[in-house]
Amino acid sequence: GARLVLLGHGEAGKTSLQRGLRARAPRPSAVDDRTIQLDIYSLVLGEMGTPRQVLLSMWDLAGQPQYAAGLQPYIVDGSLYLLTVPALDVHSLNASHSDYLGRWLNYLEVGAPNAIVLPVLTKCDMLPGADALPSHQRTHEKFTELAKAQLEWFKDGINRHLAQQDGNSRLQIEPVVQCLSSVEGGDISLETMRTRLEEIVFSEP
């Protein structure tokens, strides 16, 4: 069946994201509830009981460097990838560029060169000003406004990676970075993420 694979740094919030997508509401994981190598879950997208429903196998890959050697066999063509980066300040992102972005793009080039990749900025509740937003304003659109610097960093990193491939990269990286929060108050942004996944899975523009 169809596979959705979550990639990213060990503290990018992938486990909270998959829990929120499955529950259709924030279900943040505990700090010590980290993935060891690989966890597999099911995610139902679409309208229950209709032909427009699909069951995805959702793979949450460990992001800690000590598991890096064992990840490549799971990164293969035929999957849809969420490439997650936490909404830290740009100085922190720059300090560990490879861990937050570079090595994941390299893994994809090697193992899944034709993949569809959705860039996702997680933990947008940590952005300056986000804590003052009421729940109904904690949306992808509002987070996008607050995350201008992080989004510029994310997109620049992707563009620099593609430039290094001399035009030979076949990765299909979505131009819009999904901005979301997987903690309390992030319901609307999680639902926007689900909607985008449904559009891709059901091949809608």
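Reply: What follows starts with helix H3 and then turns to other parts of the chain. Bear in mind that the model is predicted.

Take the packing first. Helix H3 spans residues 97–111, and its partner, helix H5, spans residues 148–164. The two pack at an angle of about 40 degrees, and their axes are 11 Å apart. That angle makes H3 oblique to H5. Their crossing is right-handed. On the H3 side, the contact is made by His 97, Tyr 100, Leu 101, Leu 105, Asn 106 and Glu 109. H5 contributes Trp 153, Phe 154, Gly 157, Ile 158, Arg 160, His 161 and Leu 162.

Now the aromatic residues. Two aromatic pairs turn up in a search of the whole structure. One joins Trp 59 and Tyr 74. This pair is edge-to-face, with 5.9 Å centre to centre and 75 degrees between the planes. Trp 59 belongs to strand S3 (residues 53–61), whereas Tyr 74 sits in the loop between S3 and strand S4 (79–86). The pair therefore ties together parts that are 15 residues apart in sequence. Trp 59 has 16% relative accessibility, so this residue counts as buried. Tyr 74, at 26%, counts as partly exposed.

Trp 104 and Tyr 107 pair within H3 itself. Their ring centres are 5.4 Å apart and their planes lie at 85 degrees, so this pair is edge-to-face. Trp 104 and Tyr 107 are three residues apart in helix H3, which means that about one helical turn separates them. An α-helix has 3.6 residues a turn, so residues three or four places apart point the same way. Trp 104 is buried, because its relative accessibility is 0%. Tyr 107 is buried as well, with a relative accessible area of 15%.

Finally, the wider view. Helix H1 (residues 14–23) is mostly covered, with seven of its ten residues buried. The buried residues are Lys 14, Thr 15, Ser 16, Leu 17, Gln 18, Gly 20 and Leu 21. They pack against strand S1 (3–8), strand S2 (38–46), S3, S4, strand S5 (116–122) and helix H6 (187–201). S3 is also the strand that holds Trp 59. Just after H1 comes Arg 24, which takes a positive phi of about 60 degrees.

Definitions and conventions:
Residues are numbered from 1 along each chain as its sequence is written. This is a predicted model: local features need pLDDT of at least 70, side-chain atom pairs count only at pLDDT 80 or more; totals for chains, interfaces and linings use all residues. Side-chain values use heavy atoms; hydrogens and water are left out. Axes are lines fitted to C-alpha atoms, for helices over the stretch in contact, and angles run from 0 to 180 degrees between N-to-C directions. Helices (H or I, at least four residues) and strands (E, at least two) are DSSP runs, numbered from the N terminus. Angles under 35 degrees count as roughly parallel, over 145 as roughly antiparallel, 65 to 115 as roughly perpendicular and the rest as oblique. A crossing is left-handed if the near helix is turned anticlockwise from the far one by less than a right angle, and right-handed if clockwise. Contact means heavy atoms within 4.5 Å. Rings of Phe, Tyr and Trp (its six-membered ring) pair if their centres lie within 6.5 Å; planes under 30 degrees apart count as stacked, over 60 as edge-to-face and the rest as tilted. Buried means under 20% relative accessible area, exposed over 50%, partly exposed in between (1.4 Å probe, protein chains only).
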